[in-house]
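These entries record what I looked up in the structure, in the order in which I took up each topic. I began with the division into domains and then went on to single elements.

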Amino acid sequence: MIRIEGVTKRFGNTEVLKKTDLEIRRGEIFTLIGPSGSGKTTLLRLIDLLETPTSGRIVFDGTDTAVPDAEKITFRRRMGMVFQKPAVLNTTVAENVAFGLKFRGVDRAQSAQRVKSALEQVGLLGFEERRAVTLSGGEMQRVAIARAIVTGPEVLLLDEPTANLDPVSSAIIEDLLIRINSGQHTTIILATHDMIQGQRLAHRIGVIMDGRLAQAGTLHEIFYQPMGKEVARFVGIDTVLTGVVVTNERGHATVALGNASFEVVTPCGPGVTVTLYIRPEEVTLSLPEPGVPRTSARNRIAGTITRMVPLGPFIRVTVDCGMPITALITARSCGELGLASGMTVVAGVKASAIHVRADAG
Amino acid sequence: MDEIITGVTQAINLIITLNPEVLQVALLSLTISLSATLLAAVISIPAGGFIHFYAFRGKGVLITIIQTLYSVPTVVVGLLIYLMISRSGPFGFLGLLFTPAGMIVGQTVLIIPIMMGLVIAALGGVDRNISDTLVSLGATGFQSIVQIVREARYAILSAVILGFGRAISEVGVAMMIGGNIRGETRVLTTSIALETGMGNFAFSIALGIILLIIALVIVILMNIVTRRHAP
């Protein structure tokens with residue numbers, strides 16, 4: 001649907017988007033995740049043709065979008081965009097939602113009907129005659145979404161659409177996006193700094209870090225097979241360790257890290273420096289016991305608890321095993337085991353739960 | 001002190017009894033200044049829009065010049081227009097000197113800078129996100145300009161009202177271009193200047209009160225407009 005080929009964007013001397021190649025497929029929900037200020041907004045603005053790439057090109061449905069400004073409107077009218085800070089015009093809600101239709105010359109009767117249906121979809125039916133500037137932030141955001149979908153765009157771009165919303169309104173918006181995507185086959189590109197939201201909605205994810213598209217792929221690829229330490233940290237992989245493969249027997253390898261060693265699954269041969277990524281929910285904690293441990297987890301390392309951070313029903317426990325290993329365990333387990341800072345525990349990780357990447361160079 | 005009290009009493013009497021001369025002067029003032037305001041608005045709004053929406057060399061300098069001209073002395077404009085339309089001037093053939101039409105031209109020139117400057121400021125005050133939003137909603141260049149002007153409508157109206165305020169209250173242009181001819185080009189401000197000089201205080205006070213009433217109406221209008229403008 002949209003192909004981004006070697007696109008860069010500079011503002012003055014700052015390169016806000018480094019060379020990016022990306023393909024958005026028709027009908028998918030693609031989320032762009034990354035910290036604030038990483039370049040997500042710039043990429044969305046480039047796709048909506050509000051900015052012109054400094055180099056590279058953007059191909060929309062097989063056609064190069066590098067045309068004179070006045071002709072860009074034909075591409076733009078096939079898209080809808082919701083900005084992070086919704087701007088409403090100083091008039092009624094209904095008129096605000098109708099602008100896109102008015103610009104396209106849709107007649108009044110049909111326009112009124114479509115506005116009504118769009119407002120119904122965002123849960124603002126009955127708000128037609130309200131003055132838009134008097135609405136709350138969340139309501140304005142929903143007006144902005146209604147305004148973008150009322151024209152039936154093929155591609156819907158959303159920049160942090162739920163950043164200013166309460167959890168209930170956010171959930172309404174997320175449901176709406178899923179419905180629009182599955183019902184009308186609208187391609188949706190959504191930028192969010194909320195990794196969980198990205199995960200919840202997306203068919204595929206792109207991670208943008210510091211103006212660079214660090215990785216694009218399926219949920220599993222992004223969350224379990226990150227292509228670098230920055231991506232790993234952003235998607236919640238707290239334990240990132242570097243070591244050297246010592247032995248490898250038909251894919252079952254041993255990696256040495258200082259005094260400790262890990263058993264992992266990797267094709268990398270002996271001598272190769274590798275990085276191990278371990279998601280905190282893959283780490284189990286148990287109390288040390290004498291004799292042969294009764295577990296299938298291949299890696300068991302004793303260490304001292306250095307930090308415990310409560311996260312709702314979970315607790316994130318960091319254990320110093322010569323290297324820090326972080327586990328996410330339920331508060332209930334934590335209570336039953338009587339875990340506390342300074343205690344000695346055994347961290348267990350299955351060999352198959354460790355993502356291994358050979359270091360470049 | 002007595003003089004003032006007698007003056008005010010007589011003035012109120014002149015207004016209540018609708019003294020024909022007072023009425024004529026007040027109506028002429030309103031006609032000339034309203035015409036000048038309308039003419040200035042027709043020129044300033046599109047010109048201000050052009051300056052705001054288009055990027056060109058010297059834009060910043062031009063805006064600074066316009067802002068400087070906000071406070072151009074009325075007599076300087078009077079002098080300039082006088083030189084232009086006097087018998088020997090380039091537009092002398094139009095016969096505008098000492099006519100209401102000439103005064104309209106003078107006041108128009110006087111208030112164009114403040115009106116245009118405030119129109120530019122009004123358009124600049126529209127959230128930048130609005131123009132991005134309009135463009136992304138598929139507006140053509142023209143469609144988005146129309147919407148932005150509409151968005152700034154209350155601020156633009158304030159600019160027009162302020163321009164009218166400057167026109168009705170000025171004395172330099174009216175005196176130099178109009179010549180203060182009784183029954184022809186004598187307006188509120190020039191009348192006050194003349195009658196006061198002749199010791200005819202009651203008449204001056206009556207006209208002064210009328211001017212203040214007009215000012216009051218302007219303030220009330222402005223307040224209504226700004227209140228509607230506020231979210």
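**Entry 1. Domains of chain A**

I first looked up how chain A is divided, and I found domain 1 (2–233) and domain 2 (237–358). I note here that the model is a predicted one. Taken over C-alpha atoms, the centres of domain 1 and domain 2 of chain A are separated by 39 Å. I then examined where the two domains of chain A touch: 6 residues of domain 1 are in contact with 6 residues of domain 2. On the domain 1 side of chain A, helix α9 (residues 229–234) supplies the largest share, with 3 residues.

**Entry 2. Chain A as a whole**

I recorded 10 helices and 20 strands in chain A. Along the principal axes, the C-alpha atoms of chain A fill a box of roughly 80 × 45 × 35 Å. Chain A has 361 residues, of which 40% count as buried. I also looked up the contacts in chain A with a separation of 6 or more, and residues 24 or more positions apart account for 65% of them.

**Entry 3. Helix α1 of chain A**

I next asked how many of the 8 residues of helix α1 (residues 40–47) of chain A are buried. The count is 7, so helix α1 of chain A is largely enclosed by the rest of the structure. I listed the buried residues of α1(A) as A:Lys40, A:Thr42, A:Leu43, A:Leu44, A:Arg45, A:Leu46 and A:Ile47. Just after α1(A), I noted that A:Leu49 takes a positive phi of about 60°.

**Entry 4. An open sheet in chain A**

I turned to a sheet of chain A that is open and consists of 5 strands, in the order β15-β19-β16-β17-β18, with antiparallel pairing. Which strands stand at the edges of this sheet of chain A? They are β15 (283–286) and β18 of chain A; each has a single partner strand, so one side of each is left without a neighbour in the sheet. On average, and with direction ignored, I found neighbouring strands of this sheet to be turned by 45° against each other.

I followed two pairings within the sheet. Strand β16 (residues 299–311) of chain A and strand β19 (residues 344–349) of chain A run antiparallel and are joined by 6 bridges. In this region I located A:Arg300, which stands opposite A:Gly348 in β19(A). Strand β17 (residues 314–320) of chain A is joined to strand β18 (residues 324–330) of chain A by 7 bridges, and these strands also run antiparallel. Here I found A:Asp320 opposite A:Pro324 in β18(A). The hairpin of β17(A) and β18(A) has 3 residues between the strands, and in this hairpin A:Gly322 takes a positive phi near 95°.

**Entry 5. Chain B as a whole**

I then looked up the elements of chain B and found 11 helices and 0 strands. The C-alpha atoms of chain B fill a box of roughly 65 × 45 × 25 Å, taken along the principal axes. Of its 231 residues, 41% count as buried in chain B. Among contacts in chain B between residues at least 6 apart in sequence, I recorded that 77% join residues at least 24 apart.

**Entry 6. Two helices of chain B**

I examined helix α6 (residues 128–136) of chain B and helix α7 (residues 141–151) of chain B, whose axes come within 10 Å and cross at roughly 145°. The crossing in which α6(B) passes α7(B) is right-handed. From α6(B), B:Ile130, B:Ser131, B:Leu134 and B:Val135 take part in the contact, and they meet B:Ser144, B:Gln147, B:Ile148 and B:Glu151 in α7(B). By class, I recorded the residues of this contact of α6(B) with α7(B) as 4 nonpolar, 3 polar and 1 charged.

**Entry 7. Where the two chains touch**

Lastly I looked up the contact between the chains, in which 15 residues of chain B meet 18 residues of chain A. On the chain B side that touches chain A, α6 and α7 of chain B each supply at least two residues. I found that α6(B) gives the most to this side, with 6 residues. The side of chain B that touches chain A comprises 5 nonpolar, 7 polar and 3 charged residues.

Terms used. Residues numbered from 1 in each chain as written. Chains lettered and ligands numbered in written order. Predicted model: local features only at pLDDT ≥ 70, side-chain atom pairs only at ≥ 80, totals over all residues. Axes fitted to C-alpha atoms, helices over the stretch in contact; angles between N-to-C directions. Helix = DSSP H or I, 4+ residues; strand = E, 2+ residues; numbered from the N terminus. Left-handed = near helix turned anticlockwise from the far one by under 90°. Contact = placed C-beta atoms within 7 Å. Nonpolar A, V, L, I, M, F, W, Y, C, P; charged D, E, K, R; others polar. Pairing = 2+ DSSP bridges. Buried ≥ 20, exposed ≤ 12 C-beta atoms within 10 Å, placed from the backbone. Domains from an automatic or database assignment.
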